[in-house]
Every structure is written in C-alpha cells, then in structure tokens.
Amino acid sequence: MKNSQENHSKIIKRSLMSTGNNYRMKKTMKKAGNGQKITIAYLGGSITEGYNGGPEKCYSKLTSDYFANNFGTGNNVNYINAGRAGTTSTIELIRIEEGLLIHKPDIVFVEFAVNDAKNKTSMTAFESLLLRILGSEYETAIVLLFTIAESGFSCQNEMAQIGSHYELPMISVKNAIVPEFDEGTMKWQDYSDDYIHPHEKGHEFITELIKNYLNEVSNEVQDDVYNVSQTPIVGNEFKNLKMLDNTNTPVENSGGFFPDITINQFPNGWTHKGGNNRGEFCFYLYCKNLFIVYKISKNTQIGSIDIYIDDIYVLTLNGFNSSGWNNPASKLLINHEIPATHKIKIKMSKDSQDKEFSILAFGYSD
C-alpha cells in the first residue's frame with residue numbers, strides 16, 4: 001500500500017465510523033485487565049474464517065492476540081473464530097446457539113457486508129442476529145465490520161443504519177480504501193488477490209483498523225449504561241429462530257430423503273440420492289416463520305426440489321450452481337405474524353427424480 005505515513009494515518013482514522021455506546025466494551029476491557037477470563041468471538045463469512053490469511057495470520061486471530069496482549073494479561077482471552085465460508089446472517093442466526101452463544105462471548109465482531117443481500121428479509125435477519133446476541137445474558141459487546149467486494153458491492157449503508165440505531169461501534173474497510181482508489185494512491189490488488197478476500201497484507205490492514213478502534217475506545221470515558229432499543233428499524237421477527245435437523249424433526253414421511261452427514265456447519269441433514277423412493281418428505285410444524293437451509297453444488301448430479309406448504313405449491317429450489325462448492329443457502333418459506341400448524345412437503349422435481357439433493361436444516365420461530 002503506497003501511502004505516506006501521514007496519509008496512512010488518515011486512512012486508518014477514516015475507517016472508524018463510530019465507537020458507539022462503549023459501556024459493554026469498556027466493561028469487558030476492565031474485566032480482561034483485571035486478569036479475568038474473557039471470550040472474543042468473530043462471526044462472519046470466509047473473510048472472517050481466514051481465507052488467504054490462514055488460521056494464524058487472519059485479522060480475527062491477529063486482533064484477538066492484540067486485545068489479549070494490550071488489554072488483557074496475555075493469556076486470559078479465549079479466541080473463537082465462528083467465521084464460516086459462504087454463510088450469511090440468516091444462516092448463522094439459524095445456528096447461533098451451537099455456532100456462537102454456546103461459547104458465552106464477551107465481545108463479538110460481526111462481518112457480513114459482502115455475504116448478505118440488501119433485501120428486507122436479509123436485513124431483518126441481520127438485525128435479528130444482532131438482537132439475539134445483544135439480548136444474551138452475558139451482555140455481549142458487538143462490533144460491526146464492513147468489508148467490500150472489488151465490484152463495489154457492500155451492505156454497509158443498510159447495515160450502518162441498523163448499527164447506528166443500536167449505538168454499535170462500526171469499522172469500515174470500504175471507507176478506508178475506496179477514496180484511495182479514486183485518488184489513484186491504492187489499487188485493489190494492494191488489498192486482495194481475488195474479487196473479495198483480503199490477502200495476507202489485507203488481513204494486516206483490517207487488523208490495523210480494529211486496533212485503531214480498540215485504542216480509541218480504551219481512551220474514552222465509559223458510558224453509564226447501555227439499553228438495547230426495543231423498536232426495530234427493519235424488523236426483529238426472526239430473533240428467536242431455532243434450528244431443526246435430523247436429530248429433532250418428527251418427519252412423517254422421508255420421501256427418499258434420509259438422515260445424512262451433510263456439511264460441517266450443518267452435519268445432521270437429509271440427502272435424497274438418485275434411485276431413492278420417489279415419495280415426499282413431510283412433517284408438521286407449529287410456527288410463524290420458517291427457513292430452509294440446503295446445499296449448493298456444481299455437481300451435475302444435483303437436482304431441484306418442489307416445496308409445498310399446506311398442500312399448496314410455494315417454490316422450486318435448485319441445488320445445482322456452476323459456482324457452488326457444497327456451501328449452504330437459505331430460503332424463507334413462511335413468514336406470518338400469527339403462528340399456526342403447517343404441513344411442509346418436499347419432493348424432488350419431475351426432472352430430478354434420479355438426482356441428489358441435500359436439505360441441511362430448517363430455522364423456525366413459534
């Protein structure tokens with residue numbers, strides 16, 4: 001990154017959109033400084049997981065180490081990397097108990113700006129995810145990190161409105177680097193080797209942005225209290241999503257979909273294999289909203305399913321995608337204000353009878 005030290009400092013400072021209400025973060029910093037054990041978790045997609053940086057040189061590990069050495073006693077910070085490639089706010093909300101809250105995090109960095117979509121369903125899931133974490137009994141502090149793709153795509157604007165509403169700290173890679181592209185003082189390749197993931201130097205750069213935030217907030221006077229707003233800005237109807245998989249779903253008929261070890265994030269799903277029974281996968285559920293999570297693959301033997309709710313055709317989902325890599329995807333099937341018992345029926349599409357399809361899980365609230 002070809003910048004003078006003075007300009008580099010401006011870039012770093014420009015990334016900090018807000019330190020937010022600092023009550024929970026300052027409280028955790030004091031706890032760590034006193035030698036008490038704390039847990040820092042990182043929730044996001046492949047960038048957070050460490051793609052191109054690796055487990056030791058990704059921004060998550062580097063910033064956790066920085067916190068431990070500068071605000072803790074060096075060995076009293078438990079590091080949890082809950083980043084998973086290809087995931088979204090919706091997918092992580094469905095598995096939030098198993099994927100994150102089980103670790104009782106004191107601090108969670110959240111990074112989904114290049115994974116989520118800008119539509120209402122996605123942003124409602126994002127807001128619901130934040131509320132789920134903020135509402136945990138551990139009084140978790142959340143920090144939002146906004147990344148950007150080479151194309152310019154980022155959900156930063158939409159997410160920042162939600163972040164501001166809940167007085168959350170916000171750090172923007174977009175704000176830091178885009179003005180440099182416009183000025184010609186920096187190229188995308190200074191940050192990334194592909195279209196979206198920071199390379200090793202890029203992870204170091206994000207680490208600098210987070211270190212700047214931590215140093216800024218450490219010098220602030222602690223806010224007296226933090227109260228989570230009870231009025232959603234987009235929506236909170238998915239806040240209490242629970243996960244269903246093959247361990248806890250009372251299936252009436254399997255329809256050729258049998259319990260299977262599916263993918264790491266959702267290991268207890270169901271798979272229909274070519275030549276299986278051509279019936280229908282069916283169960284009843286009392287709910288007001290329902291998501292399905294399914295596997296996307298570039299394997300040409302992967303087919304599509306037809307979904308019926310209360311015996312009415314709703315949609316067809318195709319598990320084949322030329323750019324798929326056994327990654328999870330989600331789709332909203334039911335979204336009502338009042339819960340009711342619904343019949344969920346799934347069967348292979350007419351032209352996919354002899355193909356495969358993996359249902360990974362369902363997410364619902366009642």
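Biologist: Which residue caps the N-terminal end of α8?

Modeller: This is a predicted model. In it, a side-chain oxygen lies 3.2 Å from the backbone nitrogen of Thr 121. The residue that supplies this oxygen, and so caps the N-terminal end of α8, is Asn 119.

Biologist: How far apart are the end C-alpha atoms of helix α8?

Modeller: Helix α8 covers residues 120-134, which makes 15 residues. At 1.5 Å a residue, the helix should span 21 Å. The model agrees, because the end C-alpha atoms of α8 are 21 Å apart.

Biologist: How many of the residues of α8 are buried?

Modeller: Buried means under 20% relative accessible area. Helix α8 is mostly covered. Of its 15 residues, the number buried is 13.

Biologist: Are helices α2 and α11 roughly parallel or roughly perpendicular to each other?

Modeller: Helix α2 spans residues 23-33 and helix α11 spans residues 200-218. Their axes are 10 Å apart, at an angle of about 90 degrees. Angles of 65 to 115 degrees count as roughly perpendicular. The two helices are therefore roughly perpendicular.

Biologist: Which residues of α2 make the contact with α11?

Modeller: By class, this contact has 5 nonpolar, 1 polar and 1 charged residues. On the α11 side are Tyr 213, Leu 214, Val 217 and Ser 218. On the α2 side are Met 25, Lys 26 and Met 29.

Biologist: Is Lys 343 buried or exposed?

Modeller: Lys 343 is found in strand β13, residues 325-348. Its relative accessible area is 17%. The cut-off is under 20%, so Lys 343 counts as buried.

Biologist: With which side chain does the side chain of Lys 343 make a polar contact?

Modeller: Leave aside neighbours within four places in sequence. Lys 343 is then in contact with Cys 282, Phe 283, Tyr 284, Tyr 308, Ile 309, Asp 310 and Asp 311. The side-chain polar contact, at 3.1 Å, is with Asp 311.

Biologist: How far apart in space are Ile 312 and Lys 345?

Modeller: Ile 312 is found in strand β12, residues 312-318. At 57% relative accessibility, Ile 312 counts as exposed. In sequence, Ile 312 and Lys 345 are 33 residues apart. From C-alpha to C-alpha, the distance is 9.2 Å.

Biologist: Which residues does Ile 338 touch, not counting those up to four places away in sequence?

Modeller: Ile 338 has its place in strand β13. It counts as exposed, at 67% relative accessibility. Its C-alpha atom is separated by 34 Å from that of Ile 107, 231 residues apart along the chain. The residues touched are Cys 287 and Lys 288.

Key. Residues are numbered from 1 along each chain as its sequence is written. This is a predicted model: local features need pLDDT of at least 70, side-chain atom pairs count only at pLDDT 80 or more; totals for chains, interfaces and linings use all residues. Side-chain values use heavy atoms; hydrogens and water are left out. Axes are lines fitted to C-alpha atoms, for helices over the stretch in contact, and angles run from 0 to 180 degrees between N-to-C directions. Helices (H or I, at least four residues) and strands (E, at least two) are DSSP runs, numbered from the N terminus. Angles under 35 degrees count as roughly parallel, over 145 as roughly antiparallel, 65 to 115 as roughly perpendicular and the rest as oblique. Contact means heavy atoms within 4.5 Å. Ala, Val, Leu, Ile, Met, Phe, Trp, Tyr, Cys and Pro count as nonpolar, Asp, Glu, Lys and Arg as charged, and the others, Gly among them, as polar. The expected span of a helix is 1.5 Å times one less than its number of residues. Buried means under 20% relative accessible area, exposed over 50%, partly exposed in between (1.4 Å probe, protein chains only). A polar contact is a pair of N or O atoms within 3.5 Å; within protein, one must be able to donate a hydrogen and the other to accept it, and residues adjacent in sequence count only if both atoms are side-chain atoms.
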